[in-house]
Amino acid sequence: MNVHRRTAFTLVELLVVIAIIGVLVAILLPGIQAAREAARRSTCSANLMQLGMAVHGYESAHGVLPSGVTNPTGPIRNQTVGQHISWLVHLLPYLEEGVAYRHIDLEAGAYHRTNRAVRSLSIGVFACPSDQIWGTTTSYAGCHHDVEVPIDADNNGAFFLNSRLRMKDISDGSKYTIFAGEKLTEPNIPDLGWLSGTRATLRNTGTLLNDTGPTAKSKLGPLVVYKPGADGDSVIDPDAAATTTDGSTATPPEQGDSTETEKQDAGENAATKPAGQAPLMPADPLLYVGGFGGPHSGGIVVFTFGDGSVRVLSDTISLSVLKQLGHRADGALLDLREIQ
């Protein structure tokens, strides 16, 4: 009599197969994640290249680089009072975003209610795919200065308050001068979006790249933190608000008309420095700007330089070299080995 035996995996064989599959997944997964990150970094580089090309497009049309921020007075404070039109706004027509640009009332300012609709837009080229940003926040910022000082009309970077630089004003050479790079978004610290010419779209090379240590946190800690209000708009959180020079903490989240401009006293609010010494931190934390940083693995940050090139800098770069790259006209010799 013929006996038919059913063939099947034993429990031991099944466990061996599962173990082999698990090992293969463990081996392949980091490679897949690395490939995805490489693709995201490539997109980020392409975004910065587009921004660099848009800057040159603006310069070709107007003869000058776009102003880092447009505002009647300075220094610029990180709050929703003032005109504060950012340099990114002026690039919109050169990024195939002409419709958005035509909907912006430049005179009214970044926070005016007439600009609410365009202010809520997310512009794809402004966001790095590796960056977990939200809403209208941008991943990129222009360079306003080589050290930590408030954004003002006497900064030495490529983009600053009411700047109108020509390419020949970048005497160190455009290929040795940072135009823009990635910035880190800090949890619970207000970021006023790509329309705002505050630290939301401007940074300096006065701190190490990816500086998120205790010193950086101590500088950011006193900044205003927003929380949802009962009417759906943002209001100042009184438990975390930084006081201004007059002791008040109230800041309107949106302006009703263009006459509500920022009233600033540059002599009182600006950082000062004794002769021959490095600049001091601003007495008012709302004047703090901060440095560059990126979300990519390996401690790298992507930048676009004045010649339109896109380069990756490591956060191990020396601070002295980084400062040189942020200054458009310091005239100092540069160690090219650190930026190759």
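A residue is called buried when its relative accessible area is under 20%, exposed when the value is over 50%, and partly exposed in between, with a 1.4 Å probe and protein chains only. By this definition, buried residues make up 48% of the 340 residues in the protein chain. The structure is a predicted model, in which local features need pLDDT of at least 70 and side-chain atom pairs count only at pLDDT 80 or more, whereas totals for chains, interfaces and linings use all residues. Residues are numbered from 1 along each chain as its sequence is written, and side-chain values use heavy atoms, with hydrogens and water left out.

The secondary structure of the protein chain comes to seven helices and nine strands, where helices (H or I, at least four residues) and strands (E, at least two) are DSSP runs numbered from the N terminus. Contacts, defined as heavy atoms within 4.5 Å, were also examined along the sequence. Among those between residues at least 6 apart in sequence, 69% join residues at least 24 apart.

The interior was described through nonpolar cores, a core being a set of buried Ala, Val, Leu, Ile, Met, Phe, Trp, Tyr and Cys residues joined through side-chain atoms within 4.5 Å. The largest nonpolar core has 42 residues, and those with the most contacts inside it are Leu51, Trp87, Leu91, Phe126, Phe159 and Trp194. Helix H1 (11-62), helix H2 (87-91) and strand S4 each supply at least two residues of this core, and the largest share, six residues, comes from H1. When residues up to four places away in sequence are not counted, Phe126 touches Leu51, Leu88, Leu92, Leu95, Thr138, Ser139, Tyr140 and Trp194. A second, separate core of 14 residues includes Ile178, Val301, Phe303 and Val321.

Val321 also belongs to helix H7 (residues 319-326), in which Val321, Leu322, Gln324, Leu325 and Gly326 are buried. The cover over these buried residues of H7 includes strand S3 (140-145), strand S4 (178-182), strand S8 (300-305) and strand S9 (310-314).

Empty space inside the model was examined next. Rolling a probe the size of a water molecule over the atoms shows where empty space is left. On a 1 Å grid over the protein atoms alone, a cavity is a set of points where a 1.4 Å probe fits but cannot get out, and its lining residues have an atom within 4 Å of a point. Grid points are joined across faces, edges and corners, and a volume is the space filled by probe spheres set on the points. By this rule the count comes to one cavity of 30 Å³ or more, and the largest cavity has a volume of about 30 Å³. The lining of the largest cavity consists of Ile76, Arg77, Asn78, Ile151, Thr198, Arg199, Leu286, Leu287, Tyr288 and Val289. These lining residues divide into six nonpolar, two polar and two charged, where Ala, Val, Leu, Ile, Met, Phe, Trp, Tyr, Cys and Pro count as nonpolar, Asp, Glu, Lys and Arg as charged, and the others, Gly among them, as polar.

A search of the whole structure finds three salt bridges, each being a side-chain nitrogen of Lys or Arg within 4 Å of a carboxyl oxygen of Asp or Glu. In one of them, Asp191 meets Lys183 with an N to O distance of 2.7 Å; Asp191 is partly exposed at 22% relative accessibility, whereas Lys183 is buried at 1%. Asp169 forms a salt bridge with Arg166, their closest N and O atoms being 3.7 Å apart, and here Asp169 is partly exposed at 25%, as is Arg166 at 39%. The side chains of Arg311 and Asp307 meet at 4.0 Å, N to O, with Arg311 buried at a relative accessible area of 18% and Asp307 partly exposed at 36%.

Some features of the backbone complete the description. In the loop between strand S1 (69-70) and strand S2 (85-86) lies Pro75, which is joined to Gly74 by a cis peptide bond with omega of about -5°. The loop between S1 and S2 also holds His84, a residue other than glycine whose phi has a positive value near 55°, and His84 is buried, with a relative accessible area of 0%. Asn162, in the loop between S3 and S4, likewise has a positive phi near 55°, but Asn162 counts as partly exposed at 35% relative accessibility.

Key
On a 1 Å grid over the protein atoms alone, a cavity is a set of points where a 1.4 Å probe fits but cannot get out, and a pocket is an open set with protein on both sides within 12 Å along at least five of seven lines; lining residues have an atom within 4 Å of a point.
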